[in-house]
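Subject: Structure for you to look at

Hello,

I am handing over the structure we spoke about, and I would be glad if you kept it open while you read the notes that follow.

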Amino acid sequence: KQDNNIKLLKTIPGIGEVFAPIIALEINDINRFCDEKKLWSYVGLVPRTYASGGRVYYGRLIKFCNKWLRWAFIEAAHSSIRSSVYFGRNYMRMKHQRGSATAIIDTARKLAKVVYYVLKEKLAYKESQPTSKIFNPQLDSGQG
């Protein structure tokens, strides 16, 4: 059965027939998360942190998370960098700064942020055409 959340998720680049139902069913109710950072933590797209003596050390991705969602977001990020200017630019910028593995995780995090706001606001995703170096995606009400 297709619900409205699956239709909204399919408007996001990289999320299609396979990943939309997985993401919708695993997240269930988006109101469980007060912001996108809580969703990132649930999905497992944040690093482990170690703090000692006033210093913070960052390690690998957290171990205890929803593995299905992490898999879905990382795989969808690979598709989104090929089909979206916004995600493609973000990936290339991060790839040159930190490497391809970190760049794909950062792109998956951006994808999760878009998913959070699409489900929270109940608006379809619409990417505006870039007019300059500063580029931001926008949400569309899906009308028209």
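Lys 122 is partly exposed, because its relative accessible area is 45% and that class lies between the cut-offs of 20% and 50%. Please keep in mind that this is a predicted model. Lys 122 belongs to the loop that runs between α6 (100–121) and β3 (124–126), and its phi is positive, at about 60°, although Lys 122 is not a glycine.

A positive phi in a residue other than glycine is also found at Asn 28, where the value is near 65°. Asn 28 sits in the loop between α2 (19–27) and α3 (36–43), and with a relative accessibility of 58% this residue counts as exposed.

The other part to look at is the pair of strands β1 and β2. Strand β1 covers residues 47–52 and strand β2 covers residues 55–61, and the two pair in the antiparallel sense over five bridges, with Pro 47 standing opposite Leu 61 in β2. Together β1 and β2 form a hairpin that has two residues between the strands, and in this turn Gly 53 has a positive phi of about 60°.

How many of the six residues of β1 are buried? The count is zero, so that β1 is hardly covered.

Best wishes

Definitions and conventions: Residues numbered from 1 in each chain as written. Predicted model: local features only at pLDDT ≥ 70, side-chain atom pairs only at ≥ 80, totals over all residues. Heavy atoms only, no water. Buried < 20%, exposed > 50% of the residue type's maximum accessible area, 1.4 Å probe, protein only. Helix = DSSP H or I, 4+ residues; strand = E, 2+ residues; numbered from the N terminus. Pairing = 2+ DSSP bridges.
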